[in-house]
Every structure is written in structure tokens, then in C-alpha cells.
Amino acid sequence: MRGKGLITAVIILTFAALMTYAVVSLQVFSEGTGVRPLGEFYLENSYFGDYSAKSPEVVTSILWDYRGIDTLFETAVFFLAIIGSLTIFRLTKEQEKEVKKVESAPTELTPIVKDVTKVIVAMILAVSASIALHGHLTPGGGFQGGSALAVAPLLIIAAYSKYALEKNGLDKTRALILRSIGLLGIALVALVPLLSGGFVMQNQPIFPAEIGGQLIGGSLIYYNFFEFLAVGAGFTAVFLLLSIPEEKFKKILEVKK
């Protein structure tokens, strides 16, 4: 035991020494580091310049403009993960009808919880839309807004059951259709500049920076909106799949125990 403790102490001290060396060598806490030339370029060209994103939110400008292709691939990886999960649990049309069939009264929470859920869901819808549609002005964006949006159906599933969503027209198939519309929208916004002799994902001066005197950041607001839709719908499809009662899956797979 004493030997193991000594080894652990040596590892911790070595790690601490390496971290200290890294912090000191990089001058993380030193004064006067300032903004590096690359940072100055982004700061100057996120809002000013003929080919800038015309967005005061520099992070969003970098994500969708200067490193837009990288963001596109990151988004693709995320959606491939969702598609892979849904493919594993893919059901036939007959099985889909079976899982939507209500054989017994679903378990719901108390009326107080359900009423509070209604209020919270309305607030989530408003806040998530604001996060996404103001992503070119303030911290946030389509992914963050879509992630917040997905909390709304999750609360409804917890308070009312998944059958409440399906009864009101939001089932897994429609969630996947909405997700596909979001992905298609992102692809179209990325390819539109090619029609004007530009390049893929070019923002300015292809897309207008303002509409009706309101700053929209060119293509940024469209990217944020479609990603908001795709992320929110993608998570909702997964939540609906995971909320299928275990008895239904056992019946479909013909599991006796």
C-alpha cells in the first residue's frame, strides 16, 4: 500500500510540475500579451470590410465564416451520430404503429407539474428562438438554441408521456423531416454563393448585411435558424425513440422475459 501511495504522489507531483511549466512558458498570466495579429484580423474583419460577416459577435463570425467548412464537418459528425442511433433502432411501419398504440393509460405527473410544464415550455420556446436568431449579435447561435429547444419536448415527455407529443402531431417521423429540412437549408445557404460566382459558404457581399435596417449578419442568421431547427428536431427524434416503453420493445423483439 505504501508503495502504491508513493507512486501516486510522484505522478501527481510530476503532473503538477508539467502544468506549472506549461503555464509559465506560455505566459498565460503575464501582462501585456495583447491581441495577436491573427486575433486582430478577426476583430477588424468580423464587422468592418467589404468581405466581413458584418457581425459584432466575432465568435459566430469565425464559426460560420472564417472556419465555416470546419463547422460544417462538425455539424455533419453530430448528425451522423444521430442517424446512426436511429438506424440501430429502426422500426418497420407495422412496428411504428405498434409503438404509437396506447394499450394502457400512460403515467403522468400531477396537475400542478403539468400546468407548470406548460408555462416553462412556452418560455423555453421563446428563449431558445432568441438564442438562435440573435446568435449574430450576442453569444449563442443555432446549436445552442436548438439544444435549449430540445428541452421542451423532453419536459412534455416527462410530464405527460410521449403520446402527448404524438397526439399533437410531433412524432419521430416528423421530427426527422424537420431535421432534414434544417440540414437541407444549411446546404443551400452554403451553395448559394456559387450562383453569383463566389465560393462555398461565402458571406459578404452575397447576402445582405441588413434587412429593413436590422443587422442580420448576412448568411449567419440563416445558418443559425436552420441549425436551430435541425438540432432541436434531431434531439427530439432521439428522445421520442428512447421514451418507447420497454414492454413495446420486448413485444417487437419477441422477448419473453
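## A partly exposed leucine

Leu-191 counts as partly exposed because its relative accessibility is 44%, where partly exposed lies between buried (under 20% relative accessible area) and exposed (over 50%), with a 1.4 Å probe and protein chains only. Leu-191 is placed in helix 10; helices are DSSP runs of H or I with at least four residues, strands are E runs of at least two, and both are numbered from the N terminus.

This is a predicted model, in which local features need pLDDT of at least 70 and side-chain atom pairs count only at pLDDT 80 or more, while totals for chains, interfaces and linings use all residues. Residues are numbered from 1 along each chain as its sequence is written, and side-chain values use heavy atoms, without hydrogens and water.

Beyond its neighbours within four places in sequence, Leu-91 is in contact (heavy atoms within 4.5 Å) with Glu-96, Val-99, Ile-244, Phe-249 and Ile-252.

## Helix 8

Helix 8 spans residues 151-160, and its buried residues are Ala-152, Pro-153, Ile-156, Ile-157, Ala-159 and Tyr-160. These buried residues pack against helix 6 (111-133), helix 7 (142-149), helix 9 (162-167) and helix 11 (220-242). Just after helix 8, Ser-161 takes a positive phi of about 100°.
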